[in-house]
Amino acid sequence: MKQETLESMVLDIKEKSELMVDLSYSSLLYNNTTIAKEVYDLEEHIDHLFERLHHDLFEEVKKENISVKTAQVLLKLAKAGEEIADAAREIADVQLRDVELHPILKLSIRESDEILTKIHVKKESMLCGKTLGELKLGTETGMIVIAMRHNRRWLYAPTKKTCIDADDILFAKGPEDGEAHLIKLAEGRTDKL
Amino acid sequence: MKKEKQAKSLLGRLQRTPQWKKEEFTEIEYEPTSVKELLTEMKDISELIIDLAYSALLFNSTEMAEEVKFLEVRMDKLNYDIRIMAMMAARTKEDAEQLAGILQIAQAAEKISNTAGDIIVLMKLKPKGVLPRILKNADEQLFRIQVSDQSRACSQEIGSLKIESETGMRIIAIRRKNCWIYSPQSHNTIQANDILIARGNDEEFITLRDFLLGKQEELE
């Protein structure tokens, strides 16, 4: 196995674990158990990835394809991601418990630096029928779509090819003024990106 | 009240690299702050600290690594304070159940900051090349850029420039002479010769870079 493949596994763990943290906070903010359960699934997925990476790294070191030091660095980076994923699962766990959330929780999440938001796309919105790649919402509004409900299905970490349609629900994160802009776009109150 | 303000202003404050060792060995004293403020700060730190740890590694900055250690120690203290506040707030079994959820989240935020501490330990291994190669393929990367005195951004507030909503780039830290501002807030300004550490994708970075170098007058 190439070192590149191992490195891309580490990156996969890093990116998924960071997505999980955003998802877990969103699940609390919007009392959304579907998202919380997705965090559980992702955590299991990351555990598998981590186990596989662990195994493959030993193999490659044994074959002397990579140095012990490189293997150590890769393993530690992956371990960090795995721990973040665990933490995200603990956050999601609070949502899945049969206890009403303390009102302070939502306030704290809402008041922190990065805003998480849930937006309903109306049919008169200019976002309809366009892909995320075309829209470049990140560059235009600062908001990154972390999950969405599309055609009665949930999509997590949507890609550039993902298309937005009327009645989709977007979960996004970004700055406060970006949120206002995205809401206007989704409600069809502005067409200006 | 005064203490609350101090805690709030920890992020977005111009500071020298703190003496974190001193903080670690001071006896922990309980300071009354609201559970909400404690939790907000913990969430903010847990988000900043991971990017900061990767930046320290990527740009080989011992100062950023020191800040990670400092924040990690601060998190321990916040976690301690929030436990006490929660215990004092519980009057009934229902209260206790709800507050247990809050403590679980605080614990998770603390765990994330401990992970950041583990990441910076990698600096000793000198992982030359490995991390930049991994991060190069990420959607969102970490960038470092110096502000030119020709840029219209100079002496402007970050809030009024709307950097994040106009470009998608999130500023993690600013280095000004030998001081730092971590997680700059909207009232913080950008000055000529500041070095910005920011997170975002390639395309977003080019927009921000051209603006900060004075090649672009406006962020459209």
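In chain A, the domain assignment gives domain 1, residues 3–104, and domain 2, residues 113–187. The model is predicted. A distance of 24 Å separates the C-alpha centres of domain 1 of chain A and domain 2 of chain A. To their contact, domain 1 of chain A contributes 10 residues and domain 2 of chain A contributes nine residues.

On the side of domain 1 of chain A that touches domain 2 of chain A, α1 (3–29) and α2 (33–62) of chain A each supply at least two residues. The largest share of that side, six residues, belongs to α1(A). The classes of the residues on this side are tabulated below.

| Class, side of domain 1 of chain A that touches domain 2 of chain A | Number |
|---|---|
| Nonpolar | six residues |
| Polar | two residues |
| Charged | two residues |

Chain A as a whole contains seven helices and six strands, which follow the pattern α-α-α-α-β-β-α-α-β-β-β-β-α along the sequence. The C-alpha trace of chain A spans about 60 × 40 × 30 Å along its principal axes. Chain A has 193 residues, of which 46% count as buried. Among contacts in chain A with a separation of 6 or more, 78% join residues 24 or more positions apart.

In chain B, helix α3 covers residues 35–58, 24 residues in total. From its first C-alpha to its last, α3(B) reaches 35 Å, close to the 34 Å expected at 1.5 Å a residue. This helix is mostly covered, with 22 of its 24 residues buried. Just after α3(B), B:Asn60 adopts a positive phi of about 50 degrees.

Methods: Residues are numbered from 1 along each chain as its sequence is written. Chains are lettered from A and ligands numbered from 1 in the order in which they are written. This is a predicted model: local features need pLDDT of at least 70, side-chain atom pairs count only at pLDDT 80 or more; totals for chains, interfaces and linings use all residues. Helices (H or I, at least four residues) and strands (E, at least two) are DSSP runs, numbered from the N terminus. The expected span of a helix is 1.5 Å times one less than its number of residues. A residue is buried if 20 or more other C-beta atoms lie within 10 Å of its own, exposed if 12 or fewer, and partly exposed in between; C-beta atoms are placed from the backbone. Domain bounds come from an automatic or database domain assignment. Two residues are in contact if their C-beta atoms, placed from the backbone, lie within 7 Å. Ala, Val, Leu, Ile, Met, Phe, Trp, Tyr, Cys and Pro count as nonpolar, Asp, Glu, Lys and Arg as charged, and the others, Gly among them, as polar.
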